[in-house]
Amino acid sequence: MTNVTVIGDGQLARMMQPAAIELGITLRVLAGSPDASAAQVIPEVIHGDYTSLEDLQRAAEDTDAVTFDHEHVPTEHLRALQSAGINVHPGPDALIYAQDKLLMRERLRELGAPVPEFAAINSIDDALAFSAQVGGQVCLKARRGGYDGKGVWFPEGADIVSLVGELLDAGTPLMAERKVDLARELSALCARSATGEVRSWPVADSVQKDGVCFTAQAPAAALPQPWISERLGSDAPAGTGLEALTELAEYIATSLGVTGVLAVELFQEKDGRVLVNELAMRPHNTGHWTQDGSVTSQFEQHLRAVLGWPLGDTSLLAPTVVMANTLGDTQGARDVMNLYPDVKVHVYGKQARPGRKVGHVNLCGTDPDATLQRATEAAAIVVGGINDAQGRN
């Protein structure tokens, strides 16, 4: 049988397993613990540390492809695997732009993709100079390792001096960018195969809650006006609609040589401009709706892509689809099954903890507003049960 090794033991690896079963693929996972989300359901588990080259080599032995559910594997280890003839997808030359936010910004600017003003921050003087350049509207980021709002700061006034000093003293590589005048967030999701074939899903709206994705809805509401900011003299797409965002995601995937799913997280500013926020080269939280709302889910597509198999149809199965994360607990999952039989419940097998992503619900519908409301109501019941959800409403 075809074998794919997934580095990372979280819910993204876990949700590849049903797709693998359908496609006749055996998954293997490199897991940090036997009770990790993916280790609970994937048949072949290698226990180890993704920062250890020896453990990575054990996991990659006799596999058809190695892929990931996070971006944190050391680049030098991935190059070592490639040198040993192992198919690593996405490869380190692409993945580096999801691992290091400064390199990502620099490369996107070279490609002509719209990005906010940014700068490397190697000293307090660098931070003060950039703050003056953007009128104090500073978003400070750790170059590596941040996710779900972690590794992001919005210093005000003199606070920037102490914050930057503390972070640099602690050895945190930093960059800064102009704080975006945010109207909404969007996600352009596509997949690129090892053969170069590319397919995209409709652009989705996403909503964050305390730095964590709360809902994603496809298709996104139309853009109100032309979105491209100043062009940088490249052949990057320039346009005014959601189709242009899809073209932009496909352009980035092809230009960077991404293999697998690529999520291009986007900010729409209040003046209508759209800027690239971040890249993720794996299945993404904003694409979970594809499990129940698309002909081909992002998890199936990712496996097809890394193996160089033909990609599946990405058409919607309903006029609108909503994903709502269940943050903290899933004690009310059965209540939702009773009250909302049309809602699809997905549970990750994770320990309950306030604010933690422990599951999600998907709902297909015809009316965007009504479907969003129904999905978020169902998610609230999953978290706390029917009594708790009624009390909070």
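Biologist: Which strands does helix α2 lie across, and at what angle does this helix run to β2?

Modeller: Helix α2, residues 53-60, lies across β1, β2, β3 and β4 and runs at about 165° to β2. Contact here means heavy atoms within 4.5 Å. Axes are lines fitted to C-alpha atoms, for helices over the stretch in contact, and angles between N-to-C directions run from 0 to 180 degrees. The model is a predicted one, in which local features need pLDDT of at least 70 and side-chain atom pairs count only at pLDDT 80 or more, while totals for chains, interfaces and linings use all residues. Residues are numbered from 1 along each chain as its sequence is written, and side-chain values use heavy atoms, with hydrogens and water left out.

Biologist: What makes β1 and β2 a pair?

Modeller: Two strands pair if DSSP finds at least two bridges between them. Strand β1 (residues 2-7) and strand β2 (residues 25-31) are joined in the parallel sense over 6 bridges, so they count as a pair. I7, for instance, has L30 in β2 as its bridge partner.

Biologist: Why are β3 and β4 called edge strands?

Modeller: The open sheet has 4 strands in the order β3-β2-β1-β4, with parallel pairing. Strands β3 (44-47) and β4 (65-68) each pair on one side only, and these are the edge strands. Neighbouring strands of this sheet are turned by 25° against each other on average, direction ignored.

Biologist: Which strands does helix α10 lie across?

Modeller: Helix α10 (residues 298-307) lies across β1, β2 and β4, and runs at about 140° to β4.

Biologist: How many helices and strands does the chain have, and what makes the chain as compact as a globular protein of its length?

Modeller: The chain has 12 helices and 17 strands. Its radius of gyration is 21 Å, close to the 21 Å that the globule rule gives for 393 residues, so the chain is as compact as a globular protein of that length. The radius is taken over C-alpha atoms, and the rule is 2.2 Å times the number of residues to the power 0.38. Helices (H or I, at least four residues) and strands (E, at least two) are DSSP runs, numbered from the N terminus.

Biologist: What percentage of the residues count as buried?

Modeller: Of the 393 residues, 56% count as buried, that is, under 20% relative accessible area with a 1.4 Å probe, protein chains only.

Note on methods
Buried means under 20% relative accessible area, exposed over 50%, partly exposed in between (1.4 Å probe, protein chains only).
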